Structure formats: C-alpha cells, structure tokens
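Subject: Structure for you to look at

Hello,

I am passing on a structure that you have not worked with before. Please open it and keep it beside this message while you read.

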Amino acid sequence: MPGLFVLLWSTGFIGAKFGLPYAEPFTFLFIRFVLTLMLLIPLTWLMRIAWPSSPVLWLHIGVSGLLVHGTYLGGVFYGIYLGMPAGLAALLVGLQPLLTAACAGPLLGERLTSRQWLGLLLGLVGICLVLGSKLEFGTSIFAGFGLGALVSVMAALVGISLGTLYQKRYCTSMPLLSGAVIQYMAAGMLLGIGSLIFETRQVEWSMTFALTLGWLVLILSIAAILLLMALIKKGEASRVASLFYLVPPVTALQAWWLFDERLPLLGLAGMVIAIAGVVMVVRKPSSKEKA
C-alpha cells in the first residue's frame, strides 16, 4: 500500500504540468474538487458510510481539509503556474518529512531514534541529488519565477506538514470516505473563493485537459487521498511523512518516460540514497533503539 501511494501521489506534479496551460490554478482545482464530490457523495450514501458523530469532529476534519488539500494543492499549483519548475516544487515540498518529524515530538509525543533521524537526513540528501542533478551549473534555480512562486510552494509545504499532524491528533476517529467528503468541501470553498477573487475563471477545454482532470479526480483525489488517510490512521505521522521522500525520484522517472527528461548518474545515486533513508525511518525501531 505505501508503494502504491507513492506511485499515485507522484503523478500529481505531472498532472499539474499537463493541465495548467488550459486553466488557472484555483479554477482548475475548484473544478477538480466539484467533480470529486459529485462522485464521492453518492458513493457515501450508497455504501451507507457513517458520518462524523459530533460537530467538533466535523470542524476538525474541515480544518485538516483546508491544510491537506486547500493549502497544499493550492500552493503547489499556484507556484507552478507562476513559473516554478515542477521538479523544484517537488523538491521543496519533499522537505515535509523533516518538518513533520521536528513537530511530531512536541505535538504528538512521538519519539524518533537516532537511526530514524539519520534516515530523514539521508532522504533529504537523496532528493536534493535527484533534482539537483538536473540543474545546470551557473544557472540560478530561481530564474524564471519570482518570490510569489516560492512563497506559494513554501505555504504548501507548511500546509501538508501541519495537516498531517493535525489529522493524526484530532481526526483519528474520522470515517475515511465521509471524512474525505468534508475535507474536499472545505478545500473547495477555499479555492472557489480564491478563483473568484484572483482569477478570470476561463477554461480552455481540450482532450488533454479533460483526460488530465479525469486522472486527477479518480486517481489522485479519490484513490491516493484515501490511501493517505488510511496510512495516517494506521501509522505514526513521521513515518507516513517519510514516504514523501520517494515522490521526487518517482516524479523524475515519470518525467523521463513522458517528456524524455534524462536522469544522470548522480540522480540515480540520489534515488538509492532516498530509498535507503525511507527504509531507515519506516522500519520499526528495536527495543534497544527505543531505550
């Protein structure tokens, strides 16, 4: 299940690259969430899935949706729309495990062993090698986009990190399917307001855009997100977050396959290091390490 999640989640950056030429980011995401809700709400009723039992839980689920979906996706898509390369956006968001692990201790009482901290650092080094190997020396990585793009993607990083921790702390009793509906409603309202205020809401409908939208709705917004919710509910937040270290390498592989972007030897070495770091974090600590 973790491997499938990484594979599905990594396609989100590719989907953004395919779809953003045809629609502005908030409009694009608002349409995506509306279509997702049109599928999830009937499915929830047909399967007779229970809804959250208290208004307080509804509120907590809504807040987690604003962070995990609204802030994260809105920030990534807007940053790419403003000119940030998708690979660099994936690299910056890939810093999430370090931020999550640093906050999981004081907020959730989770303790990481020295081996797990080393794994987190190795993962960071690995994704830097994977994506850094694709940058030309002597060229500023900030060429082509401004401070707004950087701020947008950093907001996405903070949103997904805090959202993971918040959901683990306050939404462990959340029904997965109906909880996802509430999260998408909250995120959809946020992005809908954003599209009304900041965008023209014009969409250039094409086969490419329709296929991209269908993939993002069915595979990302439903399949991958439900997998993420299940992983958060089952495991410690810092271990779940470590899976995001694998997203940039897998994204780089997909870009090579779809767009013929070659990955040099340094990038391949970075993949190996990142995977090794994830294994170190995810593997359960021994009794000696806990002591």
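Below is what was found in it, starting with the whole chain and then moving to single residues.

Please keep in mind that this is a predicted model.

**The chain as a whole**

The protein chain has 13 helices and zero strands. Of its 291 residues, 52% are buried. Among the contacts with a separation of 6 or more, 90% join residues 24 or more positions apart. The chain exposes about 13500 Å², and carbon and sulfur atoms supply 72% of that area.

**The cores**

The largest nonpolar core has 55 residues. Trp9, Phe13, Phe28, Tyr72, Val76, Phe77 and Ile80 have the most contacts inside it. Helix H9 (residues 207–234) gives the largest share of this core, ten residues. Another core lies apart from it and has five residues, including Leu57, Ile61, Cys171 and Met174.

Leaving out residues up to four places away in sequence, Phe77 touches Gly12, Ala16, Leu20, Pro25, Phe28, Leu29, Arg32 and Leu216.

**Arg32**

One of the contacts of Phe77 is a charged residue, Arg32. Arg32 sits in helix H2 (residues 25–46). Arg32 is buried but has no salt bridge. How far away is the nearest side chain of opposite charge? That side chain belongs to Glu199, and the distance is 13 Å. With residues up to four places away in sequence left out, Arg32 touches Leu73, Phe77, Leu213, Leu216, Val217, Leu220 and Ser221.

**A nonpolar patch on the surface**

Phe18, Leu253, Trp256, Trp257 and Leu258 form a nonpolar patch on the surface. Together these residues have about 550 Å² of accessible area. Helix H11 (residues 247–259) supplies the largest share of the patch, four residues. Leu253 is found in helix H11. Its relative accessible area is 39%, so Leu253 counts as partly exposed.

Most residues other than glycine have a negative phi.

- Arg48 has a phi near 55°, a positive value in a residue other than glycine. Arg48 lies in the loop between H2 and helix H3 (55–81), and it is exposed, with a relative accessible area of 77%.
- Arg201 is not a glycine either, and its phi is positive, at about 65°. Arg201 is found in the loop between helix H8 (176–198) and H9. Its relative accessible area is 41%, so Arg201 is partly exposed.

Lys17 is in helix H1 (residues 2–19). Lys17 and Tyr81 are 64 residues apart along the chain, and their C-alpha atoms are separated by 8.7 Å. Is Lys17 buried or partly exposed? With a relative accessibility of 40%, Lys17 counts as partly exposed.

Gly194 is found in helix H8. Between Gly194 and Thr27 there are 8.2 Å in space, C-alpha to C-alpha, while the two are 167 residues apart in sequence. Gly194 has a relative accessible area of 8%, which means that it is buried. Not counting residues up to four places away in sequence, Gly194 touches Phe26 and Glu199.

Pro175 is found in the loop between helix H7 (147–170) and H8. Which residues does Pro175 touch, not counting residues up to four places away in sequence? They are Ile49, Ala50, Trp51, Pro52 and Ala180. For Pro175 and Ala50, 125 residues apart along the chain, the separation of the C-alpha atoms is 6.8 Å. The relative accessibility of Pro175 is 19%, and the limit for buried is under 20%, so Pro175 counts as buried.

Regards

How values were computed
Residues numbered from 1 in each chain as written. Predicted model: local features only at pLDDT ≥ 70, side-chain atom pairs only at ≥ 80, totals over all residues. Heavy atoms only, no water. Patch = residues over 30% accessible without salt bridge, like charges linked within 9 Å, V, L, I, M, F, W, Y side chains within 5 Å. Areas by Shrake-Rupley, 256 points an atom, 1.4 Å probe, with all protein chains shown as cover. Salt bridge = Lys/Arg side-chain N within 4 Å of Asp/Glu carboxyl O. Helix = DSSP H or I, 4+ residues; strand = E, 2+ residues; numbered from the N terminus. Buried < 20%, exposed > 50% of the residue type's maximum accessible area, 1.4 Å probe, protein only. Contact = heavy atoms within 4.5 Å. Core = buried A, V, L, I, M, F, W, Y, C linked by side-chain atoms within 4.5 Å.
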